[in-house]
Amino acid sequence: MTGTTATPPPPRRGTGRRPTMADVARAAGVNPSTVSRALDDRHPFSRGDTAARIRRIAEQLGYTPNPAAASLRRQSTRTIGVVMSSITGTVMAMLYEEIAEACRDHGLDALLATTHDDLEAETAIGRLLLGRRVDGLIMATARLEGPGGFLPELTADGTPFVLALRTDGHSPAVLGDDRLGGYLAARHLLDLGHRRIGMIAGPTYASNALGRVAGLREALAEAGVEVDDRLVRPSDFSMESGESTAAELLALPDGQRPTALVTVSDNTAVGVLAAARRRGLTVPDDLSVVGYNDTPLAARLPIPLTSVRVPLREIGRGAVDMLLRIRQGRPVRSTVHAPTLIPRESTAAAPTPTPTSAP
């Protein structure tokens, strides 16, 4: 006679043995992997009726999952590290929200860290995130010039990472077409009759800033307008930098002063508006101003700001999708998304030159 071994019933509360996932699976009549999905509220399966029944059984048995053990089994924390210069500016905050939303759609968490564009901080923070075993990094802090930074270390270690908004020139990246954006801004002003067009140009290490300057120069050259290098000045992305740099440009003598300014961000454009007001200039009658990124602030200023809209949703979600493809060992290539010019009340026809009186 063949003997059979009975399956022991799962332990109940107070029996002394900690219930396991296998115990829950046996009581629910499902596989342990099904229990894992039911108890992971990031997984779509967890929202169904079957998952609700499994959770009730787990509660009755007193089972609680061990996140650390689950991570070791998967060799994954299902967490993406996101490194940005700052989120005090609206653009980075909006980009992070898009990345975080895309992560949630994939059952992932997004862990944010900021560097204030400091190379040493970037390396320290990047290593800290990797120490927490994130599954990969999305970096919005890439630089084009100079040695250092964390990207060479990531590349050497084979860590999955993707760049967003800014590129180092060779790593996988999801970007806006900054050259096209600068071109559209300058072309808009040229069509309004402006010829003395300046730019608050952003930092020289940032690819997005350099691309916007290149687009402006291209549009001016195409129109046969000589570029006055005195009117194209570096800055950072802040309001304060926009205001101080604009103050220098607006202090130039009549005939040398720009009649229009393109800015590297809406933040710097707000600084330009402040500088123009302090100078006694009216926007757009005396000075036209174009922002960049078309943040929600742009349309709600006392003088609604003409701005170049960057598709931050596509960039953020694209960065998450690209990182997941890299983790899966699939080939990727950098992608570039086209911006759109949004005309508003901060730009108008170039002012008519005041005629010079005869002696």
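Which residues of H10 are buried? Before selecting them, note what kind of model this is. It is a predicted model, in which local features need pLDDT of at least 70 and side-chain atom pairs count only at pLDDT 80 or more, while totals for chains, interfaces and linings use all residues. Residues are numbered from 1 along each chain as its sequence is written, and side-chain values use heavy atoms, with hydrogens and water left out.

**Stop 1: helix H10**

Select residues 239-250, which form helix H10. Helices (H or I, at least four residues) and strands (E, at least two) are DSSP runs, numbered from the N terminus. The buried residues here are Ser241, Gly242, Thr245, Ala246, Leu249 and Leu250. Buried means under 20% relative accessible area, exposed over 50%, and partly exposed in between (1.4 Å probe, protein chains only). These residues cover an arc of only 150° around the axis, so they sit on the same side of H10. The arc is that of the directions from the helix axis to the C-beta atoms. An α-helix has 3.6 residues a turn, so residues three or four places apart point the same way.

Now show what the buried residues of H10 pack against: strands S6 (197-200), S7 (232-233) and S8 (260-263), and helix H11 (266-278). Next, check the length. The 12 residues of H10 should span 16 Å at 1.5 Å a residue, and the end C-alpha atoms are 16 Å apart, which agrees. The expected span is 1.5 Å times one less than the number of residues. At the start of H10, select serine 238 and serine 241: a side-chain oxygen of serine 238 comes to within 3.0 Å of the backbone nitrogen of serine 241.

**Stop 2**

Select H11. Its buried residues are Asp266, Thr268, Ala269, Val270, Gly271, Val272, Leu273, Ala275 and Ala276. Their cover includes S6, H10, S8, strand S9 (288-293) and S10. The 13 residues of H11 should span 18 Å at 1.5 Å a residue; the end C-alpha atoms are 19 Å apart, which agrees.

Just after H11, glycine 280 has a positive phi of about 80°. Continue to proline 284, in the loop between H11 and S9. A cis peptide bond joins valine 283 to proline 284, with omega about 10°.

**Stop 3: the six-stranded sheet**

Show S7, S6, S8, S9, S10 and S12 in that order: these six strands form an open sheet with mixed pairing. S7 and S12 are the edge strands, and each pairs on one side only. Two strands pair if DSSP finds at least two bridges between them. Strands of a sheet pair through backbone hydrogen bonds, either parallel or antiparallel.

Select serine 307, which stands opposite isoleucine 342 in S12.

**Stop 4: arginine 344**

Arginine 344 is in the segment after strand S12 (340-342). Where does its side chain make a polar contact of 2.8 Å? The partner is the side chain of aspartate 294. A polar contact is a pair of N or O atoms within 3.5 Å; within protein, one must be able to donate a hydrogen and the other to accept it, and residues adjacent in sequence count only if both atoms are side-chain atoms.

Leaving aside neighbours within four places in sequence, arginine 344 is in contact (heavy atoms within 4.5 Å) with residues including Ala298, Pro304 and Arg309. The C-alpha atoms of arginine 344 and threonine 306 are 4.4 Å apart, although 38 residues separate them along the chain.

**Stop 5: strand S5**

Select residues 173-176, strand S5. Ala173 and Leu175 point one way, Val174 and Gly176 point the other way, and all are buried. S5 pairs in the parallel sense with S4 (residues 161-164) over two bridges, and with S11 (residues 335-337) over three bridges, also in the parallel sense. Leucine 175 stands opposite valine 336 in S11.

**Stop 6**

Are histidine 116 and asparagine 293 buried or exposed? Histidine 116, in the loop between S2 (109-114) and H6 (119-131), is exposed, with a relative accessible area of 63%. Asparagine 293, in strand S9, is buried at 7%. Phi is near 55° for histidine 116 and near 105° for asparagine 293.
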